[in-house]
Amino acid sequence: ISRAYHDSLFMARIAPAGMIFIPCKGGISHRPDESCAPEDLARGVLVLARTLERLSTAEDAVQDTRDGSRESVPVIVP
């Protein structure tokens with residue numbers, strides 16, 4: 001279980017949110033002594049790039065509306 005939800009807590013109120021986790025040395029994160037291997041960082045960037053590519057080719061996505069219904073909306077990735 002991760003307690004890192006605070007990173008996306010507020011953004012999730014206005015848009016779908018997801019997080020990409022990469023291994024940190026000793027499992028330490030959100031502290032000044034956090035560090036990660038460049039290879040792990042590169043893998044995380046690759047996951048993000050592939051995710052954005054996949055979203056950019058999707059014709060549409062579904063989002064929840066304030067009244068609880070769902071609607072189809074275009075996916076726009078600059």
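Which residue's side chain meets that of Asp 40 in a salt bridge? The partner is Arg 43, with 2.7 Å from N to O; a salt bridge here is a side-chain nitrogen of Lys or Arg within 4 Å of a carboxyl oxygen of Asp or Glu. Keep in mind that this is a predicted model, where local features need pLDDT of at least 70, side-chain atom pairs count only at pLDDT 80 or more, and totals for chains, interfaces and linings use all residues. Residues are numbered from 1 along each chain as its sequence is written, and side-chain values use heavy atoms, with hydrogens and water left out.

**The overall picture**

- The protein's secondary structure comes to 1 helix and 2 strands, and from the N terminus on the elements run α-β-β.
- Helices (H or I, at least four residues) and strands (E, at least two) are DSSP runs, numbered from the N terminus.
- Of the 78 residues in the protein, 9% are buried. Buried means under 20% relative accessible area, exposed means over 50%, and partly exposed is in between (1.4 Å probe, protein chains only).
- Take the contacts with a separation of 6 or more: residues 24 or more positions apart account for 13% of them. Contact means heavy atoms within 4.5 Å.

**Salt bridges**

- The count comes to 2 salt bridges.
- Asp 40 and Arg 43 sit 3 residues apart in helix α1 (residues 38-57), so about one helical turn separates them.
- Asp 40 counts as buried, at 18% relative accessibility, whereas Arg 43 counts as exposed, at 52%.
- The other pair is Arg 31 and Asp 33, whose side chains meet at 2.8 Å, N to O.
- Here Arg 31 is partly exposed at 44% relative accessible area, and Asp 33 is partly exposed at 45%.

**Around Pro 23 and Asp 40**

- Pro 23 lies in the segment before α1 and is partly exposed, with a relative accessible area of 47%.
- Leaving aside neighbours within four places in sequence, Pro 23 is in contact with Cys 36 and Asp 40.
- Pro 23 and Cys 36 are 13 residues apart in sequence, and their C-alpha atoms are 6.5 Å apart in space.
- Asp 40, in helix α1, has contacts of its own: with neighbours within four places left aside, these are Ile 22 and Pro 23.

**Cysteines**

- A disulfide is a covalent bond between the sulfur atoms of two cysteines. The rule used here asks for a pair of cysteine sulfur atoms within 2.5 Å.
- By that rule, the count is 0 disulfides.
- Cys 24 is in no disulfide, and the nearest cysteine sulfur, that of Cys 36, is 5.7 Å away.
- That 5.7 Å between the sulfurs of Cys 36 and Cys 24 is too far for a bond.
- Cys 24 is buried, at 19% relative accessible area, while Cys 36 is partly exposed, at 34%.

**A nonpolar patch**

- Ile 20, Val 47, Leu 48, Leu 52 and Leu 55 make up a nonpolar patch on the surface, with about 390 Å² of accessible area together.
- Patches are made of residues with over 30% relative accessible area and no salt bridge; like charges are joined within 9 Å, and nonpolar side chains (Val, Leu, Ile, Met, Phe, Trp, Tyr) within 5 Å.
- Val 47 is found in helix α1 and is partly exposed, with a relative accessible area of 42%.

Key:
Areas by Shrake-Rupley, 256 points an atom, 1.4 Å probe, with all protein chains shown as cover.
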